[in-house]
Amino acid sequence: MNSVIKRKGFFGSKTFFIIASLAPLLFFYTLFLVVPKITSFYYPFTEYDGVSDPVWIGLRNFATIAKDADLWDAMKNNFFYWAIATPINFFAALIVAFLLVKKPYPEGKFYRILYYFPAILPSVITALMWQFAFHGRYGIFNALLNAMGVNVGEFYWLTHATAARWALIIPMVWGGWAGNMLIFMGAIQSVPVSLYESAELDGASDTAKLFLITVPVIWETMKTMIFFSIIGLFGAFELILVMTNGGPAGATEVVGTYMYKIAFGTEGIAAFGYAAAIGLILFAILGVISIIAFRFMDRGEAIEMDG
Amino acid sequence: MAKAASTYNDSGMVKRLEVGDLVLRVLLALWALVIILPLIWVFYTSLKTNQEFFLSAWKMPGVFQWKNYYRAWSQLGIGKSFVNTIILLTGAMLLNTFLVALGCYTLARFDFKLRNIIYWYIIGSYFITGLNTMVTSYILMRQLNLLNSLLGLIVFEGAQPIVFNTLILTAFMKGQPKELDEAAYIDGASYWQTLWHIGLPLARPALLTVNVFNFMRYYNDFIHPLLFIRDPEKYPLSVAIYSMAQSMTYRADWVTLFSGFVIMMIPTILVYSLFQNYITQNLNIGALKG
């Protein structure tokens, strides 16, 4: 095949094309995505205020981290939100996805569109909307509760430590599980109906038993989703930053907001090195958890195959 | 063997509904209410006067105060930030599409020695996540002198979705038939011509999906403009609305703020209604792969 009719010289060659087409992608990728990740292993060992040059201080940041009570309190909050919101997001998504795929409710099609809507709203809007909804005097939350007979008067949800901590779960869940729901819907749709039919013949008329068929079949998908939700352990950040900024007095502080304040807060000198060190600790924690989770989940699979 | 009467219809759904379903439907309806209620509250509040607002949360507006919207747009910076958002989104979407369309075409259609290494080089960084890079990205942007500029933000944002989009596009492009390409080569087309006239048009559905996702990501992005932009003049919508809300602590012009919320929600609603099938379609691809 004479394939060089018009392609002359180096610039028409395949090599040039490959290089030229990949170069921009690789350049931008490396510069803006790889470099920050690599330097996140360097700055933790420095003291850097953003103005003077970074100073190498070895492990000193980590010594400070070990003694930083505020940081560990923030981590407790992360764990709190993760432990509560994640199961809700997961199971609500699974159950609703199952219903929307398997039950011919006429309103089902409408729900598919409506339920996903909060997930696509800008998180700023969700956060601000709920922040004002929780307002003691003018917010819709209290208005609704009072109208339903739960007399909360003018309780300012976001200025009381415990109330704020729990109240934030509502917007987290409000916008949170629809993404999972869509993924589950896709996975459930690919489960062969014949499996359900045979279960019916065996007398499994219970919806719960249908559950026991669905879950094993979509287990691969679920594994990926569990993995991503584990990585999201320290992710709750933007919503909290906007709604309470960690307040009142650190009651809703999470690691993200804490890092943000250390690096960019207005409380004096920026401490990029220390903030980066926190980030590195998070990475290490997540790494360990991921490995444990993987081992655990794979072992479960092996047992199933043997039995 | 004749198939026993199935309890499932052709769409895989159960044929009969039972009493338990009534309870479930009520619960689903309740959740729908939980979603709709705050949104409706924001909307009808945006049309009230502040006095009406302070009177009662439930009261419907008397006369619709459309001037709240005008005030939010022209006096409180929403209009200006909307323009900034348009600039930011256009620039970032164009840049990212250019980068991934070009690169993924080559990754998907050509076999060369470094191909797998490059592909995994790109996909591999998915494992290091966001919080770590918040600080180091800022440091980098500062070192590159890209802070406080929409152009800098465009360049940064253009790079962000590369990993995810590479995944989608490469997978899609791999599935496209190669015969058209080869026919083009035989006819003497250059690689560039083939890319432009055949490769890209074939990839149109995937490119559209990628851009819908990019739109959502960029439009909703709050933390990066917050970090990188200092001048309120250059704020995109997300940060502008935030700063507007913060000023409400002493301004108390809530109805105008709420109209700002609605303004910001409108493009999202538009894009969602137009493209929601693309969104659901693409997540299915992800589910099947997993």
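This is a predicted model: local features need pLDDT of at least 70, side-chain atom pairs count only at pLDDT 80 or more; totals for chains, interfaces and linings use all residues.

Residues are numbered from 1 along each chain as its sequence is written, and chains are lettered from A and ligands numbered from 1 in the order in which they are written.

**Chain A.** Colour by secondary structure and you'll find 15 helices and 2 strands (DSSP runs, numbered from the N terminus: H or I of at least four residues for helices, E of at least two for strands). The C-alpha atoms fill a box of roughly 80 × 70 × 45 Å along the principal axes.

**The A/B interface.** Now show both chains: 77 residues of chain A are in contact with 75 of chain B (contact means C-beta atoms, placed from the backbone, within 7 Å). Select residues 14-39 of chain A next; this is helix H1, which gives the largest share of chain A's side, 16 residues.

**Helix H14 of chain A.** Jump to residues 255-264, where 8 of 10 residues are buried (20 or more other C-beta atoms within 10 Å of a residue's own, with C-beta atoms placed from the backbone). Among the buried ones are Tyr258(A), Met259(A) and Tyr260(A).

**Chain B.** Finally, colour 19-65 as domain 1 and 76-252 as domain 2; these bounds come from an automatic or database domain assignment. Their centres, taken over C-alpha atoms, are 36 Å apart.

Definitions and conventions
A residue is buried if 20 or more other C-beta atoms lie within 10 Å of its own, exposed if 12 or fewer, and partly exposed in between; C-beta atoms are placed from the backbone. Two residues are in contact if their C-beta atoms, placed from the backbone, lie within 7 Å.
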